[in-house]
Amino acid sequence: MNFFNDIKVEASNFLQYLKESKLLILILSLFIFFAYGFPLTQFTLSIDEENAMFSEDDYAISVWSEQGRYGISLIKYIFNTIHGNSLTNTFLALVFLLVTALIWAYNFNIVRNVKQKWDTGALIFTLVFLTFPAYAENIGFSMMSFELGFGWIAIALSGLFLTRWVLFQKSIYYAVGAIVLNIFAISIYQSFIGVLISSIVMVTLLHVISRDTEDERFSLSELFKVMVKYAVVFALSVIVYKIIEYIFLLFLPPSAYITSFYHWGYYSPAIIIKDLLNYFGRVLSGKMIYGSWVIIPTMFVLLIALILNMYKAIKQKNKKRPFSSIAILIILLAISPFAMPILLGTPLLIRVNLAISIFVACTWLYVYEMLKNKKTVYRAGLVIFILYVGFSQSWAISRLFYGDYNRYQEDVAMAQQVNFRIQELRKDETSQEPVVFLGNYKQVDRVNIIKQEVIGYSFFEWDNINYNRMINFMHSLGYKYVIPTQQQRELAIRNSTNMPVWPLKGSVALKDGLIMVNLSEDAQKYNVTLHKENDLKNKKKIVASTIKLKEGQVDYSSSIYLKENGSSLVLKSSDGDPAFSFTLKKEIKKSDFNYVLFEITSDVEDDIQIFFPADNGQYSEQMSSFISVKKGKNQIYAELPLVDTVLKGFRIDPPASSKITIEKVELIKSE
């Protein structure tokens, strides 16, 4: 078939391109080692590795499919990378990332009609892309950095295939190949959707500029046809990916992790827009990603380019030059890294928004194309600037990983001290008292440890308080302890009320057959955890009992008008500080239920605050939590604080100037 012959020719051309790009590869390799020297040569343990080390193989594979990332499950199964290490994973991830950059450079070269062996544009794109500091978070999250490399290569090859089909009118098989590659990439990490958008917009922009250089007309109607073709491939890729995901989830429980990113329809549009604007500001200003100051000049040059092309489009008389098409593509390129946050309605983690790095790199390649026919001094100035950017970004990455190396060394030293204290309390080597970590230990802020997202955070402070991480981290160092039950953990929390805090004497103690390690005053034991119905949709729930709202002591502030409506209570609040409390006639044991379900109808979208009383019956902010309610019916599931052993009552502070109806309150058992 001609398609397979074309693929052979394409592969041969790419290998020839690599042979002619030895100097480029050497320069990039030096910068990569400069940036990632620490994780390439120093072992550390990153978040989730401590759990994966002791997970069953089947679970370690299936957990990714539960998140819709069945591509990761497939790769881990084929290559047996279930239990990896940071050094190997980092090396392989960086090799794959380098290959990805070269595939894109090769594709861009063809679109730009580059004939000479040395191409400065390829250096500009690849250097900015490979050293952009956001990717440090993905390398630091080494649990999936190797698998992510497959996704990068797949999405780069997809862009190559799409270019051939859409822009060079090659066989439809190229479109089919692009769809398969897209599905594979998205099944590894859904965020590759944004990468595909950015790269396709860029290759089209370069194609339009190249056509204009050759005095060929590229009309808006032609641009529309091109975009429709891209949209068809994109839509088919996502549809088939979702069908395969649906089949997987027929046999696996879906993970709430992915659905937590979908905010449209679950939160107020005003809240979503406010959060997104704040997120955009932090990203564009460089405050979110350490060492990403280049984003500001990137947006500035794009804005200048947009204004110039719009001005030329308006001023030109014959309408043959493609200034309008270029302006549209510049707008699409500028918004491409924010497509996923906008579609989901939520700010994305640094390691999730993969499109930012390629967006920045593409922009500076575009700037080079605009200066290609200008004076040499301009191009030379741009090259010097890009070399400085590469150096600055590499330095930022090296600082991030140097800090994370220091963090790991501190974690190891602290683990050794904790284990020594534990062993002192045991009668002999055969003693196996469960060990309960209480609170979290926030490492002292240091100049040489930069805390960003994953990088720089101690196992003893991650997730605010995460007992399993602490236990498994200790286990990774050879300190294996008996894991406490939930009942033992709650007993330890109650026993720790007057304990000193680590590292003071008495912060590790033995009581009631439990060894308690009190890392801090555990604020979590007072937390009121609130869930919406969607958060618990996969749990089987049984109504244990119903609280009758007419059979208890009711109290409310003067800013509330209370009215009974059958078995429900209607609360109309005015301005001020509305509060409503309900005290049970008889206390109910916490062991009899898991959640208190509040079914509330509201006439406004706003936040309400739910409290549970302390032992003395008083309500405080410490034992309360906020949750947003929408107009209409809301189901709110509340968990009692860990320090509570019984339910005595509850308090609800509704929004000011609102009308809410407490339809019912039920005690729920879950499995």
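The expected span of a helix is 1.5 Å times one less than its number of residues, where helices (H or I, at least four residues) and strands (E, at least two) are DSSP runs numbered from the N terminus. At 1.5 Å a residue, the 12 residues of helix H7 (residues 120-131) should span 16 Å, and its end C-alpha atoms are 17 Å apart, which agrees. This is a predicted model, in which local features need pLDDT of at least 70 and side-chain atom pairs count only at pLDDT 80 or more, while totals for chains, interfaces and linings use all residues. Residues are numbered from 1 along each chain as its sequence is written, and side-chain values use heavy atoms, with hydrogens and water left out.

Helix H7 is mostly covered, since 12 of its 12 residues are buried, where buried means under 20% relative accessible area, exposed over 50% and partly exposed in between (1.4 Å probe, protein chains only). The cover over the buried residues of H7 includes helix H1 (2-20), H2, H6, H9, helix H18 (355-371) and H19.

We turn next to the nonpolar cores, each a set of buried Ala, Val, Leu, Ile, Met, Phe, Trp, Tyr and Cys residues joined through side-chain atoms within 4.5 Å. The largest nonpolar core has 157 residues, and those with the most contacts inside it are Trp104, Trp152, Phe192 and Phe437. Its largest share, 14 residues, comes from helix H9 (residues 145-167). Leaving aside neighbours within four places in sequence, Trp152 is in contact (heavy atoms within 4.5 Å) with residues including Leu97, Trp104, Phe129 and Phe192. A second, separate core of 29 residues includes Leu530, Phe598, Ile610 and Ile627.

Rolling a probe the size of a water molecule over the atoms shows where empty space is left. On a 1 Å grid over the protein atoms alone, a cavity is a set of points where a 1.4 Å probe fits but cannot get out, whereas a pocket is an open set with protein on both sides within 12 Å along at least five of seven lines, and lining residues have an atom within 4 Å of a point. Grid points are joined across faces, edges and corners, and a volume is the space filled by probe spheres set on the points.

The largest cavity has a volume of about 120 Å³ and is lined by 14 residues, of which Pro39, Gln42, Thr44, Phe401 and Asp404 lie nearest its centre. The largest pocket has a volume of about 1,400 Å³, and helix H21 (486-495) gives the most to its lining, with 5 residues.
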